[in-house]
Amino acid sequence: MGLCKDTAMILSTRTFGESDKIVRFFSLNEGRLTGIAKGGKKSQKRFTNTLEPFNCVRIEFFEKATASMVRIENADIEESNSGLEVDLKKVCIASFFSEFVDRMTREKERNEALFETLRTVVLQTKRVELNYSDILYYELQMLDHLGYLPNFVRCVHCGIELAEGERLGFSKEKGGIVCLACSRFIPHRRYPQGFIPQLASYSPDKGRTTEAFERMGRDILEDFVSFHLDVRLKSYRLLKKVAG
Ligand SMILES: [Zn+2]
């Protein structure tokens, strides 16, 4: 196995024993890993401010086939979280996306696009004031990279492609929109005309959306994610309170 060099986003950390640190990180080449940094808490020299949540680091670690954790040897800052940690809303947003990646991925499952999205969203969180539509946008991007994007184009039951004006009903159970005919027997929620196409095509450069849009977008994704993925994120409730 030997020494691996990689780029990683730090997801979370906790102290272990006297002076060690357990670090969960998502790396560009190897996906999600857990590592132990020996003396990471005390050693000012090796890990000062590097192994902290939301940092992007160049990391070196030893991997052993028999061990569940890698041993972190070195870490250098590539992009620091500095400035993010003083703002509660920013911390909540970064925590939400870090936990999202942590819970939605399997260990050692490489996902370059997901890594880049996490890196971007953390950087953007630091630099600008993200609104809830932006959060929804990045969440959809991540679902897409994970292969879980809801179907916003075709009826999930009969497969017919719907015109934008007909994209009204959403079934969380089926994971996408339903046509008028299928909506008679498939449980779904109905949304105002134009909302689903707007959600599917929203991007941060499109600017501010309405509060109603943000609320409906949140409902649709919350329903969908919790129904399909059986993932309850601790950070999500806090995020809703702070950024909602
Ligand atoms: Zn149908």
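Residues are numbered from 1 along each chain as its sequence is written. Because the model is predicted, local features were required to have pLDDT of at least 70 and side-chain atom pairs pLDDT 80 or more, whereas totals for chains, interfaces and linings use all residues. Helices (H or I, at least four residues) and strands (E, at least two) are DSSP runs, numbered from the N terminus.

The strands β1, β2, β3, β5 and β4, in that order, form a closed barrel of five strands with mixed pairing; two strands count as paired if DSSP finds at least two bridges between them. Neighbouring strands of this sheet are turned against each other by 45° on average, direction ignored. Axes are lines fitted to C-alpha atoms, for helices over the stretch in contact, and angles run from 0 to 180 degrees between N-to-C directions.

Strand β1 (2-16) is antiparallel to β2 (20-27), to which eight bridges join it. Within this pair, isoleucine 10 has phenylalanine 25 of β2 as its bridge partner, and phenylalanine 16 stands opposite aspartate 20 in β2. The hairpin of β1 and β2 has three residues between the strands, and in this hairpin glycine 17 takes a positive phi near 65°. Strand β1 also pairs with β4 in the antiparallel sense, over eight bridges, with methionine 9 opposite cysteine 56 in β4. On its other pairing, β2 runs antiparallel to β3 over seven bridges. Phenylalanine 26 stands opposite arginine 32 in β3, and a hairpin of three residues joins β2 to β3.

Strand β2 is mostly covered, six of its eight residues being buried. A residue is termed buried if 20 or more other C-beta atoms lie within 10 Å of its own, exposed if 12 or fewer, and partly exposed in between, with C-beta atoms placed from the backbone.

Helix α2 lies across β1, β2 and β3 (31-37), running at about 115° to β1. Helix α3 lies across β1, β2, β4 and β5 (70-79), at about 50° to β1. The 17 residues of α2 (88-104) reach 24 Å from the first C-alpha to the last, close to the 24 Å expected at 1.5 Å a residue; the expected span is 1.5 Å times one less than the number of residues. Buried residues of α2 include Lys90, Cys92, Ile93, Phe96, Phe97 and Phe100. Their cover includes β1, β2, α3 (112-127), α4 (132-146) and α7 (234-243), contact being defined by C-beta atoms, placed from the backbone, that lie within 7 Å.

The largest nonpolar core has 43 residues, and those with the most contacts inside it are Met9, Ile10, Phe25, Phe26, Ile93, Phe97 and Leu118. A nonpolar core is a set of buried Ala, Val, Leu, Ile, Met, Phe, Trp, Tyr and Cys residues joined through C-beta atoms within 7 Å. Helix α2 supplies the largest share of this core, eight residues. Both domain 1 (2-84) and domain 2 (131-243) give residues to the core, so it lies between them; the domain bounds come from an automatic or database domain assignment. A second, separate core has 13 residues, among them Phe170, Ile177, Leu199 and Val225. In soluble globular proteins, nonpolar side chains tend to be buried together.

Isoleucine 10 touches residues that include Val23, Phe25, Leu51, Phe54 and Val57, when residues up to four places away in sequence are not counted. Phenylalanine 54 lies in the loop between α1 (44-47) and β4 (56-63). Although not a glycine, phenylalanine 54 has a positive phi of about 75°, and with 26 C-beta neighbours inside 10 Å it counts as buried. Lysine 108, in the loop between α2 and α3, likewise has a positive phi, near 60°, in a residue other than glycine. Lysine 108 is partly exposed, with 13 other C-beta atoms within 10 Å.

A further loop residue, lysine 174, lies between β6 (169-171) and β7 (176-178). Lysine 174 is buried, because 20 other C-beta atoms lie within 10 Å. Residues up to four places away in sequence aside, lysine 174 touches Val156, His157 and Ile186. Lysine 174 and asparagine 74 are 100 residues apart in sequence and 45 Å apart in space, C-alpha to C-alpha.

Terms used:
Contact = placed C-beta atoms within 7 Å.
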